[in-house]
Amino acid sequence: MKQQTYHIGDRVFKTTTMVFALFILVLVFLMGYEMVHGSELSLKQFGWKFLYTGTWDPVADEYGARPFIFGTLVSSFLALILALPLSIGVAIFLSELAPRWLERPISFLVELLAAIPSIVYGLWGIFVLVPWLRITVEPFLLAHADFLPFFRGVPYGYGMLAAGIILAIMILPIISSISRDILRAIPTSQREAALALGATKWESTMIVLADGKSGLLGATLLGLGRAVGETMAVTMVIGNRPEISFSLLDPGYSMASVIANEFAEATSSMYTSALIEIALILFVLTIILNGIARLIVWSITRKFKTP
Amino acid sequence: MTSLSILSVAIAVIPLFLIFFYSLAQGVSSLNVDFFIHMPKPVGETGGGMANALVGTAILIGLGCLFGLPVSIFAGIYLAEYGNNTLGQTVRFFTDVLSGVPSIVVGVVAYILVVIPMKQFSALAGGVALAILMIPTATRTTEEMIRLVPQSFREAALALGIPQWKATLKVILPTALKGITTGVLLAIARAAGETAPLLFTALGNRFWSTDLGHPIASLTVFIYDYAKAPFEDWNRQAWGAAFILILLIFIINITFRFATRGRYAENKN
């Protein structure tokens, strides 16, 4: 008994579109495979040592990624420390406090901030942020805060602090727009219940924040993921010195920066292979961060959508 | 406490205006017709333009669209029409993951896939890198735009006896086309601003070149090179180019906002 007529065109069309959809899956795995294959030389030569040795010597073909991993992590976490409070503040404003007519334009402005290319941030960093740091901020910190090990050294302007600040500006839009969506997804009944029990507007906001905390964690991880992979803005202000230092005023080097600076001129195959291995580390790191973040954000918004 | 919240918004939004107006102020002095139609002058001479960089970026984006848009649009159609299953969810997840991969890593992959076999840097490699970067954005917006087409369109088409594949191609897709186009523009805006992947795929070129098999100049690498240079004239030109880039990206983003504002308002529930 024929239930439906299967048009052959339907089959072909569905299969064709499915092939293209699958291509995206294949692409991600292909990327991983090619990077593992490309870094084979370096993986075989250095193994796990690559992650914790600090020599980066293209002449002797000795490579260790420790300064770059350190640089990436420190600049990203610094950015997170600076951006997170501001982002939550913006998210609270946009989801709780702002009237409709104000919320849309401000949200849009924040999204425009996300659309500015990295290179322009870098340009602005070189000509505006770094001089400001060198002339005003860092001497101030050196004069008043140098009991802390983070603020020692010479005020170059370029360095970890500049990188952290630029990254903070760059990840703020992501964290705040996702946080805003998370907070919006929490049903108004929560706020109403709190207010009905006598809470102030601020206390009810705190409760809503607590409800959305795993979602906010997801937003934070996404911001961290972006900060870790940011290349041009960081390269232009971080100072590009492959050494570890605890002072934020000192230059550093991030994983993305070393690839950007040295890849086009990598002379030996071991050099190229070491750089590809750094790219692989970045790839895995961002996949983990983004994967966890997306899973959290998805499950949160789904949880609040079902009545 | 409210004031703290408002203060954070102010701090968040100030850099936007700072950057935009600063680049305008710095770059406007180098914005003249010459800037757009002349080639860069030799090192040390003032003046010159970025004609090769503009054309290069256009070519690279064209290649990116050529390689990336078919994938995005068809994948977006699949996800919207047939994608309410585990496979669809998996593809969506991996698309999101792909959008989070740093652009420098995408550049390394393009290097391995294109530059190494070709044994030279080329516009093609740059185009491949940009295509990979465009795919996640374009796929997601295509899917959303197709989903926004009311179900009644599909039902009406099927009720008239049109096969489903034809209904999708000739009824649904044209209806969603405006939204898809603006979504594609958004992906183009992202690709136009990318620098890192181009540094070792398309490399850069101080001369006029439209040859796809050789290195090619681009707006972003132009900004990078001129920003690092010790010549003030070059720095000014970098700001001019940066202003043009931001302007282009802002216009595209604002267009996208306007085009989708009405539709999203309808569907908000």
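Visitor: At what angle do helix α1 (residues 8-38) of chain A and α3(B) pack, and how are they oriented to each other?

Guide: In this predicted model, the axes of α1(A) and α3(B) lie 8 Å apart. The packing angle is about 110°. Angles of 65 to 115 degrees count as roughly perpendicular. The two helices, α1(A) and α3(B), are therefore roughly perpendicular to each other.

Visitor: What is the hand of the crossing of α1(A) and α3(B), and how do the residues of the contact divide?

Guide: The crossing of α1(A) and α3(B) is left-handed. On the α1(A) side the contact includes Phe20(A), Ala21(A), Phe23(A) and Ile24(A), and on the α3(B) side it includes Val71(B), Phe74(B), Ile77(B) and Tyr82(B). The residues of this contact of α1(A) with α3(B) divide into twelve nonpolar, two polar and one charged.

Visitor: How many residues of chain B are in contact with chain A, and which helix supplies the largest share?

Guide: The contact joins 68 residues of chain B to 63 residues of chain A. Helices of chain B that each supply at least two residues to this side include α1 (2-27), α3 (51-82), α6 (123-148) and α10 (232-267). The largest share, 14 residues, comes from α1(B).

Visitor: What span does α4(B) reach, and which of its residues are buried?

Guide: Helix α4(B) has 15 residues, and the span expected at 1.5 Å a residue is 21 Å. The reach from its first C-alpha to its last is close to that expectation, at 21 Å. The buried residues of α4(B) are Val91(B), Arg92(B), Phe94(B), Thr95(B), Asp96(B), Val97(B) and Leu98(B).

Visitor: Where is Lys119(B), and is this residue buried or exposed?

Guide: Lys119(B) lies in the loop between α5 and α6 of chain B. Its phi is near 60°, a positive value in a residue other than glycine.

Visitor: Where is Asn240(A), and what is its phi?

Guide: Asn240(A) is found in the loop between α11 (232-237) and α12 (255-262) of chain A. Asn240(A) is partly exposed, with 19 other C-beta atoms within 10 Å. Although Asn240(A) is not a glycine, its phi is positive, at about 55°.

Visitor: Which residues does Phe35(B) touch, not counting residues up to four places away in sequence?

Guide: Phe35(B) sits in helix α2 (residues 33-37) of chain B and is partly exposed, with 19 other C-beta atoms within 10 Å. Met50(B) is 15 residues from Phe35(B) along the chain, yet their C-alpha atoms are separated by 5.9 Å. Beyond the four places excluded on either side, Phe35(B) touches Ser30(B), Gly49(B), Met50(B) and Gly240(B).

Key: Residues numbered from 1 in each chain as written. Chains lettered and ligands numbered in written order. Predicted model: local features only at pLDDT ≥ 70, side-chain atom pairs only at ≥ 80, totals over all residues. Contact = placed C-beta atoms within 7 Å. Helix = DSSP H or I, 4+ residues; strand = E, 2+ residues; numbered from the N terminus. Expected span 1.5 Å × (residues − 1). Buried ≥ 20, exposed ≤ 12 C-beta atoms within 10 Å, placed from the backbone. Axes fitted to C-alpha atoms, helices over the stretch in contact; angles between N-to-C directions. Parallel < 35°, antiparallel > 145°, perpendicular 65-115°, else oblique. Left-handed = near helix turned anticlockwise from the far one by under 90°. Nonpolar A, V, L, I, M, F, W, Y, C, P; charged D, E, K, R; others polar.
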